[in-house]
Amino acid sequence: MHSSAIHFVPGKYHSARMNLSRSASLMRLHRFALSGHCHRVEVFLTLLGIPFVAVDVDLAGGAHREPEFLRMNPFGQVPVLEDGDTVVADANAILVYLAMRYDAGGSWLPGTPREAAEVQRWLSAAASELAHGPALARVGRLFGGSVDRARVELLAGRLFGAMEATLAERAFLVGSAPTVADLALYGYTARANEGDLPLDAYPRIAQWLARVEALPGFVPMPRAA
Ligand SMILES: N[C@@H](CCC(=O)N[C@@H](CS)C(=O)NCC(=O)O)C(=O)O
């Protein structure tokens with residue numbers, strides 16, 4: 001039903017050990033490998049240098065509807081992170097948790113009112129336009145099911161237009177340095193072509209994807225085929 005693997009981050013052992021000393025055991029990330037929601041958490045863990053155990057949840061087999069899983073997340077969705085006795089569900093919530101607990105520099109979740117508001121604005125876009133636009137288009141192409149094509153294209157166009165305009169002014173979505181907002185938007189944008197939503201009209205988004213991919217510790221989101 002579940003399979004698991006330990007992920008270590010080459011060259012990042014010092015910070016990893018420091019982080020580990022705060023937890024009794026390795027964190028466990030319950031995930032589905034092709035999910036962009038899960039990728040944003042995985043990539044943040046590797047960027048922070050935190051080793052973790054990846055627990056693959058058998059969505060097709062209904063493992064996320066089992067009582068044991070629903071105790072961790074009553075919504076029955078991955079990702080879920082177990083950090084000792086702390087259980088956090090929801091991709092964006094996990095990003096916030098990891099930033100506040102493990103990012104000593106505080107740059108991933110900046111605290112000025114303007115920056116904090118902008119991060120939240122992009123997290124909201126990740127949970128709305130991105131989830132119901134590019135992510136849904138991809139799910140439809142990869143796993144079938146009915147998708148309102150006009151609707152996903154409308155949402156994708158709005159989102160990518162807003163991102164392109166923002167990235168004309170700055171290197172990352174909130175400023176000159178990456179934040180959790182960039183990680184939340186990255187995966188499903190990078191794989192938008194898998195939902196037949198090409199990024200050809202958005203050169204600044206393409207440059208931004210490359211900047212995210214160049215971050216030390218970055219791990220790619222798996223391709224569907
Ligand atoms: N709001 C949730 C959405 C996560 C989500 O949609 N997860 C999908 C996989 S990408 C899932 O678990 N789907 C199973 C289901 O909803 O039954 C989050 O951000 O974590």
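## Crossing of α7 and α8

In this predicted model, the crossing of α7 and α8 is left-handed. A crossing counts as left-handed if the near helix is turned anticlockwise from the far one by less than a right angle, and as right-handed if clockwise. Helix α7 covers residues 180-190 and helix α8 residues 203-213; they pack at about 115°, with axes 11 Å apart. Axes are lines fitted to C-alpha atoms, for helices over the stretch in contact, and angles run from 0 to 180 degrees between N-to-C directions. Helices (H or I, at least four residues) and strands (E, at least two) are DSSP runs, numbered from the N terminus.

From α7, D182, Y186, T189 and A190 make the contact; α8 supplies I205, L209 and V212. Contact requires C-beta atoms, placed from the backbone, within 7 Å. The contact residues split into five nonpolar, one polar and one charged. Here Ala, Val, Leu, Ile, Met, Phe, Trp, Tyr, Cys and Pro count as nonpolar, Asp, Glu, Lys and Arg as charged, and the others, Gly among them, as polar.

## Numbering and confidence

Residues are numbered from 1 along each chain as its sequence is written. The model is predicted: local features need pLDDT of at least 70, side-chain atom pairs count only at pLDDT 80 or more, and totals for chains, interfaces and linings use all residues.

## α7 against α5

Helix α5 (residues 113-143) packs on α7 at an angle of about 5°, and their axes are 9 Å apart. That angle is why α5 counts as roughly parallel to α7. Angles under 35 degrees are roughly parallel, over 145 roughly antiparallel, 65 to 115 roughly perpendicular and the rest oblique.

V119, W122, L123, A126, L130, P134, A135 and R138 form the α5 side. V180, A181, A184, L185, Y188 and T189 form the α7 side. By class, the contact has 12 nonpolar residues, one polar and one charged.

## α7 against α2

The axes of α2 and α7 come within 8 Å and cross at roughly 135°. The angle therefore makes α2 oblique to α7. This crossing is right-handed.

On α2, the contact uses G36, H39, R40, V43 and F44. They meet V180, L183, A184, Y186, G187 and Y188 of α7. Seven of the contact residues are nonpolar, three polar and one charged.

## Two domains

The chain divides into domain 1 (2-102) and domain 2 (113-213). These bounds come from an automatic or database domain assignment. Taken over C-alpha atoms, the domain centres are 22 Å apart.

Nine residues of domain 1 touch 11 residues of domain 2. On the domain 1 side, α2 (36-48) and α4 (91-102) are the elements giving two or more residues. Helix α2 gives the most, with five residues. That side holds five nonpolar, three polar and one charged residues.

## Ligand shell

Which residues surround the ligand? They are F32, S35, H37, L59, H64, G76, Q77, V78, P79, D90, A91 and N92. A residue is near a molecule or strand if its C-beta atom, placed from the backbone, lies within 6 Å of it. The shell divides into five nonpolar, six polar and one charged.

Two shell residues have backbone features to note. The peptide bond from V78 to P79 is cis, with omega near 10°. P79 sits in the loop between α3 (67-72) and β4 (80-83). D90 is a residue other than glycine with a positive phi, near 90°. D90 lies in the loop between β5 (86-89) and α4.

Notes:
Two residues are in contact if their C-beta atoms, placed from the backbone, lie within 7 Å.
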